[in-house]
Amino acid sequence: MTKRSSTLIFLFKIMVSIGALFWVFRKFSNEMPPLSDIDPRSIIFSSALLFAQPVLIGFRWKKILEIYGARPRVTRLVEITWISVFCNQFLPAGVGGDAVRVLMARQEQISLPVALTSVAIDRVVALLALAFSVLVFTPILAPLVDVSILVICALIGGIGVAVAWGLSLWLLKYPNAVPTSRILAKLMLGLRFVLYVLSDFWRSLTAFLLSVMVHFLSAIAFAFIALGVGIDLQFLDLMSVAMILTFAQVVPISIGGWGVREAAAVGLLAHFGVDGGMAIIASVLLGVAYLIASLPGAAIWPFRARMRAREL
């Protein structure tokens, strides 16, 4: 991808965020509650919950790296993760900070193939855990989402994982099975390297469970914020909405999920009879809580740079 095309894509995502935010605020500004009615404790508590996410993600990343024989200090991985979380506030959706993680992983003497693969697998594990978390709330989401779609997605995901697991076992059992075609041989080598993560069941399972915990923290944080705004819904209803919002904000068509998350919140909470203005405020405050929780990354970044300068 050329520098020009990257710039155009980045500008497009900025326009999506600004355009979506402009539309929802213009349409529902009259329904927004006064800021004085919002309980500030809900934002403080939710931000405190979200502080745990970079720590859990750092531990999850370490489990994946250990499978590939890399054993960096978990504190370094948490530092890198926190910096990437901060960068995600200003980069396209939830994947912008992954490039930061790869670059900083290289500084920790992690090879480029392992750095790229571990970050990609980390992202896949997070998405699979999010899909699982959404399925947990299927009974509540039934009025909002076609359950058959969720079931089909679950089946496809389950079959995909089963096939990948079986293929990984086959590749481990027959490591010398190399196709005669040079292209196929390279593809097989790359596939064997990626699927090697499935060779360690317990570390893979731990990474998955840590991902589920990360998503549940987001859901709980949103539920507390929504209650603090004055949205009168059951806690589990709010958590189920938050899971869908998480899906919306990781779609790489906006900056940090802004705009897309707010539009999704309006549509989802409307099914529960919540005014659009209250839905927007709750979603925006969730974004603010994410931003507050990411701020340690801004402080860690220059500190890490100074430490690396001393090491060199």
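What percentage of the 312 residues of the protein chain count as buried? The figure is 47%, with buried meaning under 20% relative accessible area, exposed over 50%, and partly exposed in between, for a 1.4 Å probe and protein chains only.

A word on the source. This is a predicted model, where local features need pLDDT of at least 70 and side-chain atom pairs count only at pLDDT 80 or more, while totals for chains, interfaces and linings use all residues. Residues are numbered from 1 along each chain as its sequence is written, and side-chain values use heavy atoms, leaving out hydrogens and water.

The protein chain has 13 helices and zero strands; these are DSSP runs, H or I of at least four residues for helices and E of at least two for strands, numbered from the N terminus.

Now the aromatic rings. Rings of Phe, Tyr and Trp (its six-membered ring) pair if their centres lie within 6.5 Å; planes under 30 degrees apart are stacked, over 60 edge-to-face, the rest tilted. The count is seven aromatic pairs. Phe 45 and Phe 224 have ring centres 4.7 Å apart and planes at 70°, so this pair is edge-to-face. Phe 45 lies in helix α2 (residues 40-50) and Phe 224 in helix α10 (residues 201-229), so the pair ties together parts 179 residues apart in sequence. Phe 45 is partly exposed at 39% relative accessibility, and Phe 224 is partly exposed at 31%. Together with Phe 235, Phe 45 and Phe 224 form one aromatic cluster.

Phe 201 and Trp 202 also form an edge-to-face pair, 4.9 Å centre to centre with 80° between the planes. Phe 201 is partly exposed at 40%, whereas Trp 202 is exposed at 62%.
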